[in-house]
Amino acid sequence: DRMWQWLTLLFALLPCALVQLSLVFIHRDVSRDRPLVLLLHLLQLGPLVRCVEVFYIYFRAGRVEEPYVSITKKRQMPKDGYSEEIEKEVGQAEGKLCTHRSAFSRASVIQAFLGSAPQLTLQLYICVLQQEITAARSIFMVLSLLSIVYGALRCNILAIKIKYDDYDVSVKPAAYLCIFMWRSFEIATRVTVLVLFSSVLQIWTLPVVLVNFFGFFFYPWILFWQSKSPFPENIEKALSRVGTTIVLCLLTFLYAGINMFCWSAVQVKLNDPDLINKSQNWYRLTVYYMLRFIENAFLLLMWYIYKTDIYLYVCAPLLVLQLLIGYCMAVLFMLVFYQFCHPCKKLFSSSISEGLLSCFKFLCFICKPPKSPILTDKAEVKSPENTDEARSSSKTIDSQKGIPHQSVSSNA
């Protein structure tokens, strides 16, 4: 199939080109005179050159005394209400290695959500229509899924380190396990739902994808225009206004691609100098997962109604139940991570349980119908009459019993 072939090549080559571009941008190779490195990036050999450079810096570190070092200050996680500040000397070699590590982390996120996620969706769609899973395609899909989960994991760790840059953050193995399970269930169920829906309603697949993508793409720009902040100019000094706009569009493009498949741990904020929203917004997290669950349930319902003969030997209700439970398992592991395994949970102003409880109370308050003013006016009008009738009835009862009303009230 020509269309499947071209889409497979596109989803393989486009993220590779974007990875090369991100490595060139982070290392500022354009402003430096490095024509050989730029040529190798054009030949798709940029990551290989970076790996060789990393090993060269690593094995030469410590042999020659560096002319100067920089001092960084990091705070430890607070213990018993106290937080100590630790100074650390960072040499040139260590600084270059940190730059390479952050560059590869961002490249893995780009590769995951702009390459592996569409590729996994396409290959699973081909398997469903052909009703056959070959060995080569199954290996390809497993590698794509692992790439997406790893990219999502790196995105979580990057978000934590960016938000809590002043602290010395150490992520424990239990946190890695929770993130891995959370992202695996979330991405696997999301891709399966999209494939099932697109296999029976091909015409409506494009509107669903475009609404999701452009909704998340324009959301940071709408917030930026509402804030009436000046255009960010401090991204890169060598970039012009047009270049800065292109970089911001690519950033929001990646942000939309991530949110198409899973929750983006890094929230883009264009009016912030770091372009990242560092506040912990439980309300936005709750709304995202509620709307995504409703969307997945609706797409599964449409698939169940319009399913074709290729699903003749599939137990459709059981499959729908499994996918919904799988998404709920992803939410469960996410809650466990934020409640117990987050490395900076001591810095939260409120825990995940308190935040979700306040969000649910707010949503219930919005959904609660207001009281009718006509009924309240009638109640206010009838209240004096009711009190007078109650007093008169109490007096008659007391007189029948032969007990004075004042003595009853005084005893009461």
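Guide: One term to begin with: contact means heavy atoms within 4.5 Å. Also, keep in mind that this is a predicted model.

Visitor: Okay. Among contacts between residues at least 6 apart in sequence, what share joins residues at least 24 apart?
Guide: In the protein chain, that share is 72%.

Visitor: And how many helices and strands are there?
Guide: The protein chain has 13 helices and two strands.

Visitor: How much of the chain is buried?
Guide: Of its 412 residues, 37% are buried.

Visitor: Let's zoom in. How do α7 and α8 cross?
Guide: Helix α7 covers residues 202–227, and helix α8 covers residues 241–261. Their axes come within 8 Å and cross at roughly 135°. That angle makes α7 oblique to α8.

Visitor: Is the crossing left-handed or right-handed?
Guide: Right-handed, as α7 passes α8.

Visitor: Which residues meet there?
Guide: From α7, they include Val209, Phe213, Phe216, Phe217 and Trp221. From α8, they include Leu248, Phe253, Tyr255 and Met260.

Visitor: What classes of residue are in that contact?
Guide: The contact of α7 with α8 has 13 nonpolar residues, four polar ones and no charged ones.

Visitor: New topic: rings. How many aromatic pairs are there?
Guide: A search of the whole structure finds 20.

Visitor: Give me one. How are the rings of Phe217 and Phe218 arranged?
Guide: Their centres are 5.1 Å apart and their planes are at 85°. Planes over 60 degrees apart count as edge-to-face, so this pair of Phe217 and Phe218 is edge-to-face.

Visitor: Is Phe217 buried or exposed?
Guide: Phe217 is buried, with a relative accessible area of 14%. Phe218 is partly exposed, at 37%.

Visitor: What about Trp221 and Phe224?
Guide: Those rings have their centres 6.3 Å apart, with planes at 85°, so they are edge-to-face. Trp221 and Phe224 sit three residues apart in helix α7, so about one helical turn separates them.

Visitor: Are those two buried or exposed?
Guide: Trp221 counts as buried at 8% relative accessibility. Phe224 counts as buried too, at 6%.

Visitor: Last one. Which residues do ring pairs link into a cluster with Phe216?
Guide: Trp263, Tyr288, Tyr289, Phe293 and Tyr327. Phe216 is also one of the α7 residues that meet α8.

Methods
Residues are numbered from 1 along each chain as its sequence is written. This is a predicted model: local features need pLDDT of at least 70, side-chain atom pairs count only at pLDDT 80 or more; totals for chains, interfaces and linings use all residues. Side-chain values use heavy atoms; hydrogens and water are left out. Axes are lines fitted to C-alpha atoms, for helices over the stretch in contact, and angles run from 0 to 180 degrees between N-to-C directions. Helices (H or I, at least four residues) and strands (E, at least two) are DSSP runs, numbered from the N terminus. Angles under 35 degrees count as roughly parallel, over 145 as roughly antiparallel, 65 to 115 as roughly perpendicular and the rest as oblique. A crossing is left-handed if the near helix is turned anticlockwise from the far one by less than a right angle, and right-handed if clockwise. Ala, Val, Leu, Ile, Met, Phe, Trp, Tyr, Cys and Pro count as nonpolar, Asp, Glu, Lys and Arg as charged, and the others, Gly among them, as polar. Rings of Phe, Tyr and Trp (its six-membered ring) pair if their centres lie within 6.5 Å; planes under 30 degrees apart count as stacked, over 60 as edge-to-face and the rest as tilted. Buried means under 20% relative accessible area, exposed over 50%, partly exposed in between (1.4 Å probe, protein chains only).
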